[in-house]
Amino acid sequence: AGKKCDLALIHDAEATVAANGKSPFKSPQKHLRTIAVMYTWAPMQLIVNKEFAAKHGIKSLEDIASKKVPVRLLLNKRGNVASQVGASMLAAAGAGPDAIKKWGGEVTFAASKEQGELMRDRRADAMLNSLFVGHGSIKRLAKAIDVTLLPVGPDTAAKVTTDWKIADFNIPASAYGWSPKDVGTVTLAAQLFVHADADPKMVEAVTKALVDHADKVAGVHKAMKKLDAKLMASGKAVAYHPAAA
């Protein structure tokens, strides 16, 4: 907003919060414009202790609500957009923090690294966080204890994706040896934004460079390997800058 930078890489959900003037913003931030979506594969993953899931017969996020499970569940730290989206998912499924507490469980806010430690120490039964598919922290957790990956129902996903202007996501069965089925959820995306008043020539040049050299950008990190022009044009959170559109 202060025009102290030309480009910003922001989660789509964060941009939605800003554009709508939701906390921590005091008013709608109307200056954001999209250049390109850079990645979408950091889905919200509901990872549950396998023994706990079997004991309570939970096979989806919605089962936690319908069976009033006293789960000790971890969300990311307050203020992190993954935490906010996770809380929205719980609420949409009917398993908000107050309800979970009423059932004898609790929702704890902890950073990603802490979540794995709490799960390994069996001080938590489940974690709901935005992580790259196949992230090292998930692999380490799965080596320490038996875990399972639970899906998000279509009604819950539809409400969350509509409210946050984010996308659905399918975690393939090939992602984890211990999760033999495709798992549906929602995902956060990182997008490249500019100010609405940005120089159109600069915006056009950056966009053209991204489209013409998507393979080079994709080669920077394994998380970027699926990047292409179609993905770049898939943003929904904020309107595209005309020179990028």
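Predicted model: local features only at pLDDT ≥ 70, side-chain atom pairs only at ≥ 80, totals over all residues.
A pair of aromatic rings is described by the distance of the centres and the angle of the planes. Three aromatic pairs are present in the structure. In one of them, Tyr-39 and Trp-41 adopt a tilted arrangement, with 6.3 Å centre to centre and 40° between the planes.

Another pair is formed by Tyr-176 and Trp-178, which are stacked, with 4.7 Å centre to centre and 25° between the planes. Tyr-176 is buried, its relative accessibility being 4%. Trp-178, with a relative accessible area of 24%, counts as partly exposed, because buried means under 20%.

A further contact involves a ring and a charged side chain. Lys-22 is placed over the face of Trp-164, at 6.0 Å from the ring centre.

Side chains of opposite charge can pair when their charged atoms come close. Five salt bridges are counted in the model. One of them joins the side chains of Lys-3 and Asp-197, with an N to O distance of 3.2 Å. Lys-3 is located in the segment before strand E1 (8–11), whereas Asp-197 is in the loop between strand E8 (183–195) and helix H9 (200–212); the pair therefore ties together parts that are 194 residues apart in sequence. Lys-3 and Asp-197 are both exposed.

Arg-72 and Asp-125 form another salt bridge, in which the closest N and O atoms are 2.9 Å apart. Arg-72 belongs to strand E3 (residues 72–75) and Asp-125 to the loop between helix H6 (112–120) and strand E5 (126–130), so this bridge ties together parts that are 53 residues apart in sequence. Arg-72 is partly exposed, at 29% relative accessibility, whereas Asp-125 is buried, with a relative accessible area of 7%.

Asp-121 and Arg-123 also meet through their side chains in a salt bridge, at 3.2 Å from N to O. The relative accessibility of Asp-121 is 48%, which makes this residue partly exposed. Arg-123, at 51%, counts as exposed, because the exposed class applies over 50%.

How values were computed. Residues numbered from 1 in each chain as written. Heavy atoms only, no water. Phe/Tyr/Trp six-rings, centres within 6.5 Å; stacked < 30°, edge-to-face > 60°. Buried < 20%, exposed > 50% of the residue type's maximum accessible area, 1.4 Å probe, protein only. Lys NZ or Arg CZ within 6 Å of the ring centre and 35° of its normal. Salt bridge = Lys/Arg side-chain N within 4 Å of Asp/Glu carboxyl O. Helix = DSSP H or I, 4+ residues; strand = E, 2+ residues; numbered from the N terminus.
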